[in-house]
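Here are my notes on this model. Please read them with the structure open.

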Amino acid sequence: MQPEAKDPEEDSVWEEPPSMLWGLDPMFNAFTRLYVKDILQMRESCQVSGIYFYNSHPIFKVDVLGTVVYKREREDFFCYGVDDGTGVINSLCWKDEQWRDQGDPATSGARSFGSSARGDFNPANELKKLRQAQHSSSHLEIGELLRVRGPVKTSRQQREIMASTYYKVSDPVMAVQISWMMEVPQLYRQCYDNPFHLDSSAQNPDIQGGSASCSGSASYLLGSATRILKDFLKEKEVTRFRPYDVQDLLQPLVSRQPQKTAAEQEPEAGPSSGPPTSFKQLRELLQKSLQILQDEGLVFHKVKSQDEVYHVTERDKDLLMAVRDILREDCRREKYAEKGCHILHVLSSVRQRYSRNVSKAALELVLKALECNSDIISTSDSHYTIL
């Protein structure tokens, strides 16, 4: 189900940001997985042709998965009509030059197949087989599944995708389509439907000098620290940890940063006023990184105390069991028998029975893990029931 989005482009008072600031939006350089309906309705920029806006995000490259509903072939290209369930858009897919010059690899490969029938390895024949497989993956018929990525163009008042990459998707059990339908609504909720806002430092060129470079360096350092902690949780498969267990992992990041000299230190900060600057930076970096993991729901505090213990959400068997038991009990009630329990109802029950510190983001990860294990199933966008 496509989420309802507030579209600021329809507001007459909305002004598109200056083109020099578009690169600050991560979506600008990404292939956005928008619904075809939204691609067709995006507003084109009045500054640069070929740039479009969805919810104030500048977009020019998209990634679409859909069924071919019509096909037109020319000497140099294919034109496929791609239907993702919300609309149909033309996709212009250029043919490879070697196929036009050498003909169809399927027929040319068949003529030389007899020479390798004895089992001898023939590099030329293997190359022809590879080209034949590549050729078949880019020639689609009506009803087949196509994934296409490329910039959006408007030609003859009709919007279309100029494919930079396209291929036929083999999906006999619809696993790819189901995964796509689960990921795209999450991208809308987490990214696309959140308007792109510029902070004051980006809008005011007078303060873009040292402060912008410092904030950029701090953001990069924090991002690197967060990735290190995520890799640690994934590789070690820990169920819980304390801050001092992972503190040494971030030490190399702080060691590479330039330290302040004595003249740059604050006047009131004497030699014996507290820990060294590098240790303060390490502690601050660790706290911010752990806060990001908490905000994303990857870890949580079961009980808040001086001895900070972080539980890894997806590996907390007690939490998974508590959520499963709540759904099993409540879905038997007539009120939730048909549609299942809303995620906020489950969150309230978890906080009452297990821990008051479980966040909605953490619960979403637990529900996703239980659904992957076929313990529960989502009956709608935010309702779940037991299997």
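1. Contact means heavy atoms within 4.5 Å. Buried means under 20% relative accessible area, exposed over 50%, and partly exposed in between (1.4 Å probe, protein chains only). Helices (H or I, at least four residues) and strands (E, at least two) are DSSP runs, numbered from the N terminus.

2. This is a predicted model: local features need pLDDT of at least 70, side-chain atom pairs count only at pLDDT 80 or more, and totals for chains, interfaces and linings use all residues. Residues are numbered from 1 along each chain as its sequence is written, and side-chain values use heavy atoms, with hydrogens and water left out.

3. Start with helix H13 (residues 343-353). Its buried residues are Ile343, Val346, Leu347, Ser349 and Val350. They sit on the same side of H13, because they cover an arc of only 165° around the axis. That arc is taken from the directions from the helix axis to the C-beta atoms. The cover over these residues includes helix H11 (317-330), strand E13 (341-342), helix H14 (360-372) and strand E15 (383-386).

4. Now the salt bridges (a side-chain nitrogen of Lys or Arg within 4 Å of a carboxyl oxygen of Asp or Glu). The structure holds 12. In one of them, Glu183 pairs with Arg33, with the closest N and O atoms 2.7 Å apart. Glu183 lies in helix H5 and Arg33 in the segment before helix H1 (36-41), so the pair ties together parts 150 residues apart in sequence.

5. Arg147 and Asp63 also form a salt bridge (2.6 Å, N to O). Both Arg147 and Asp63 are buried. A network of salt bridges links Arg33, Asp63, Arg147, Arg149 and Glu183.
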